[in-house]
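Subject: Structure handover

Hello,

Please find the structure below, with notes on what was found in it.

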Amino acid sequence: MALQKHTKVFTVFSFLRLRSPDIYWYQWVYPTVLFALTYGGYQFWGDQFLSFDKDKMIGDINALMGILVGFYIAALAAVSSFSNENLDQVMKGRAPTLTTVRKGDEIKETLTRRRFLAILFGYCATLAIVLYVFGVVQAHMTIVQSSVAWAQALLSIAGYVAWGLYVWIISSLLVVTLLGLHYLVERMHRA
């Protein structure tokens, strides 16, 4: 219980705790498939067909993330304050649920459109910030290569893992952004 007070900063990852037969695809399956195609495809065939400047690509992604963070926060503010009765209705169909613990009791909440979009755009804003920080660190930090074989192997593995995580986060951000835009464009105004 005492630890729960200190986990508030992780609320932005509530999107990954949503439960629904449909939402799982957008949380894990689609981003992972996109990740496998891009990262795996590049690892296996990229050197044969592609050549790019990694530092320039990260700089361009960072520029985009700087814009997207503002977009996501503006979308979050708009969804939170937009006056529309449809947003306060429980989502139709197989609505996502979120289980939380409050005062020691487990509460299962069926989400309204407003709550769903707030969770979604909070998650997107957080991913954009994480990607931005990764890009800044990558641009300003150089890892000195060790002469010890095990350290070289460890650094190589860590590099692949870091790039894999970076590409998966970009994939997740893309998929979830498209889902959020679908709700803003199509579903928000329906009864």
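Aspartate 60 is found in helix H2. Helices (H or I, at least four residues) and strands (E, at least two) are DSSP runs, numbered from the N terminus. Aspartate 60 has a relative accessible area of 46% and therefore counts as partly exposed; buried means under 20%, exposed over 50%, and partly exposed in between (1.4 Å probe, protein chains only). The C-alpha atoms of aspartate 60 and threonine 97 are separated by 36 Å, and the two residues are 37 residues apart along the chain.

Before the rest, two notes on the source. This is a predicted model, in which local features need pLDDT of at least 70 and side-chain atom pairs count only at pLDDT 80 or more, while totals for chains, interfaces and linings use all residues. Residues are numbered from 1 along each chain as its sequence is written, and side-chain values use heavy atoms, with hydrogens and water left out.

The whole protein

The protein has four helices and two strands, and along the sequence they follow the pattern α-α-β-β-α-α. The C-alpha trace spans about 60 × 40 × 30 Å along its principal axes. Of the 191 residues, 34% count as buried.

Helix H1

Helix H1 covers residues 23-49 and bends by about 60 degrees at glutamine 43. The bend at a residue is the angle between axes fitted to the seven residues ending there and the seven starting there. The buried residues of H1 are Ile23, Gln27, Pro31, Tyr39, Gly40, Gly41 and Gly46. Threonine 32 also has its place in helix H1, and counts as partly exposed because its relative accessibility is 36%. From threonine 32 to alanine 74 there are 42 residues in sequence and 27 Å in space, C-alpha to C-alpha.

Helices H2 and H3

Two packed helices are described by the angle between their axes and the distance between the axes. Helix H2 (residues 54-81) packs with helix H3 (residues 113-140) at an angle of about 155 degrees, and their axes are 8 Å apart. H2 is therefore roughly antiparallel to H3. Axes are lines fitted to C-alpha atoms, for helices over the stretch in contact, and angles run from 0 to 180 degrees between N-to-C directions. Angles under 35 degrees count as roughly parallel, over 145 as roughly antiparallel, 65 to 115 as roughly perpendicular and the rest as oblique. The residues of the contact of H2 with H3 divide into 19 nonpolar, seven polar and two charged. Here Ala, Val, Leu, Ile, Met, Phe, Trp, Tyr, Cys and Pro count as nonpolar, Asp, Glu, Lys and Arg as charged, and the others, Gly among them, as polar.

The hairpin

Strands E1 (residues 97-102) and E2 (residues 105-110) run antiparallel and are joined by six bridges; two strands pair if DSSP finds at least two bridges between them. Threonine 100 stands opposite isoleucine 107 in E2. The hairpin has two residues between the strands. Lysine 103 is found in the loop between E1 and E2, and counts as exposed because its relative accessibility is 80%. Its phi is positive, near 50 degrees, in a residue other than glycine. Most residues other than glycine have a negative phi.

Regards
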